[in-house]
Amino acid sequence: MEFLKGNIARRMLLGMTVVAILAPTAFTTSAFAQTKLVLSSWLPPRHPIVVEAIKPWARDVKKVTDGRVSIRVLSKPAGAPPAHFDMAVDGVADITYGLHSFTKDNRFQRSRIGQFSFLGDDAVSGSKAFWDVYANDLNAQAEHKGTKVLGLFVHGPGIFHNNVRKLNTPEDLEGLKIRVPGGYIADLTGDLGASPIFMSSGEVYEKLSRGIIDGVTFTYEAVTAFKLLDHVKYSMRVPGGIYNTTWFLVMNESKWNEISAEDQAAIMAISGEAFSERVGMAWNSADEKAIELINKAGIEIYEASPEILGVIREKATAYESEWAQAVAEDGFNGEAALAKFRKSTGIEN
């Protein structure tokens with residue numbers, strides 16, 4: 001009997017030892033099934049794009065992957081806005097978003113298609129057109145090396161705001177110091193006679209309120225989002241926008257490759273064109289609300305004069321032609337892509 005009891009005790013002890021040895025392995029396997037990602041967000045936390053597009057998309061990623069992939073959106077950015085693409089490439093953050101024009105080099109040459117004048121007045125059709133044309137016809141992924149492209153989008157029509165004078169003739173722009181986000185509008189602003197000054201969105205309030213700059217190229221919503229209602233007097237609009245900005249939403253390539261094919265497919269089903277539509281709707285809604293506040297603040301919104309429109313069209317046509325020639329060297333038909341873009345947004349140019 002004593003022998004039996006001893007035998008049973010030894011077996012129980014052995015069993016407990018095996019469980020103890022296997023437990024960490026089981027836990028590790030379970031942990032590896034979870035992919036926890038960090039998204040660096042640099043727009044104000046209450047910005048409509050963050051509240052109505054970025055964060056809901058992040059929550060939906062967790063839902064469509066049954067919790068296997070989760071995204072934590074940082075309340076403070078992990079770096080300066082212009083650094084966000086390289087932050088994704090280097091793995092400083094797993095997911096980032098930003099403007100293509102913030103980069104100083106020419107790595108996103110084909111993205112410029114979404115920055116030209118007269119592209120459209122609706123952020124939904126504009127963003128969907130940008131995704132369709134840039135991602136498919138112009139191979140956007142090839143220009144985003146080191147990352148997986150999850151989203152591409154534009155904002156509503158770009159407006160020319162200033163606090164010095166109403167712009168009736170091209171000469172009225174001369175000498176104005178205007179904030180630009182880089183890219184096409186920086187070149188155009190200089191051609192129109194103003195002095196373009198590059199800075200990210202978060203710097204505008206201080207520079208405009210202190211008189212360091214006279215105006216800014218922004219959307220309607222940005223005037224309210226960045227608290228500029230007391231520092232703008234005139235807002236000149238151009239049919240289809242005097243310019244636009246192009247944006248990316250990307251994930252570090254290595255992190256993307258760690259995700260299963262099943263979950264990658266689920267994530268892309270709510271990204272790409274679906275994300276373009278989501279962010280476009282958020283921007284349209286924000287623009288509508290902003291216009292009401294701009295009017296209440298007494299800021300004058302007016303149409304660009306035929307004289308100014310003529311100069312913009314002349315300069316824009318030259319830049320479009322120059323861009324089309326540049327992308328043709330890489331085997332892309334820029335003219336056809338631009339025509340397709342405008343047809344998608346209902347603009348006849």
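Tutor: On a 1 Å grid over the protein atoms alone, a pocket is an open set of points with protein on both sides within 12 Å along at least five of seven lines, where a lining residue has an atom within 4 Å of a point. The model is predicted: local features need pLDDT of at least 70 and side-chain atom pairs 80 or more, while totals for chains, interfaces and linings use all residues. Residues are numbered from 1 along each chain, and side-chain values use heavy atoms, without hydrogens or water.

Start with the largest pocket. It holds about 390 Å³ of space (the space filled by probe spheres set on the points). Its lining consists of 19 residues, and those nearest the centre are Asp 105, Asn 106, Arg 112, Gly 183 and Asp 187. Sorted by type, the lining has five nonpolar, nine polar and five charged residues (charged: Asp, Glu, Lys, Arg; nonpolar: Ala, Val, Leu, Ile, Met, Phe, Trp, Tyr, Cys, Pro; polar: the others, with Gly).

By type, the lining of the second largest pocket splits into seven nonpolar, two polar and five charged residues.

Now for the chain around these pockets. The protein chain contains 13 helices and 11 strands, and its C-alpha atoms fill a box of roughly 110 × 45 × 30 Å along the principal axes. Of its 349 residues, 51% are buried (under 20% relative accessible area; over 50% is exposed, in between partly exposed).

Six strands form an open sheet in the order S7-S6-S8-S5-S9-S11, and the pairing is mixed (strands pair if DSSP finds at least two bridges). Strand S7 (195–198) and strand S11 (300–303) are at the edges with a single partner strand each, so one side of each has no neighbour in the sheet. Inside the order, strand S6 (residues 177–180) and strand S8 (residues 215–218) pair in the parallel sense over two bridges. Ile 178 stands opposite Gly 215 of S8.

Another pair is made by strand S1 (residues 35–40) and S2, which run parallel and are joined by five bridges. Leu 37 has Ile 71 in S2 as its bridge partner. Strand S2 (residues 69–73) has four of its five residues buried, so the rest of the structure largely encloses it.

Most residues other than glycine have a negative phi. Phe 118 is not a glycine, yet its phi is positive, about 60 degrees. It lies in the loop between strand S3 (95–99) and helix H4 (123–137), and at 4% relative accessibility Phe 118 counts as buried. Asn 139, also not a glycine, has a positive phi of about 50 degrees. Asn 139 sits in the loop between H4 and helix H5 (140–143), and its relative accessible area of 34% makes it partly exposed.

Technical notes:
On a 1 Å grid over the protein atoms alone, a cavity is a set of points where a 1.4 Å probe fits but cannot get out, and a pocket is an open set with protein on both sides within 12 Å along at least five of seven lines; lining residues have an atom within 4 Å of a point. Buried means under 20% relative accessible area, exposed over 50%, partly exposed in between (1.4 Å probe, protein chains only).
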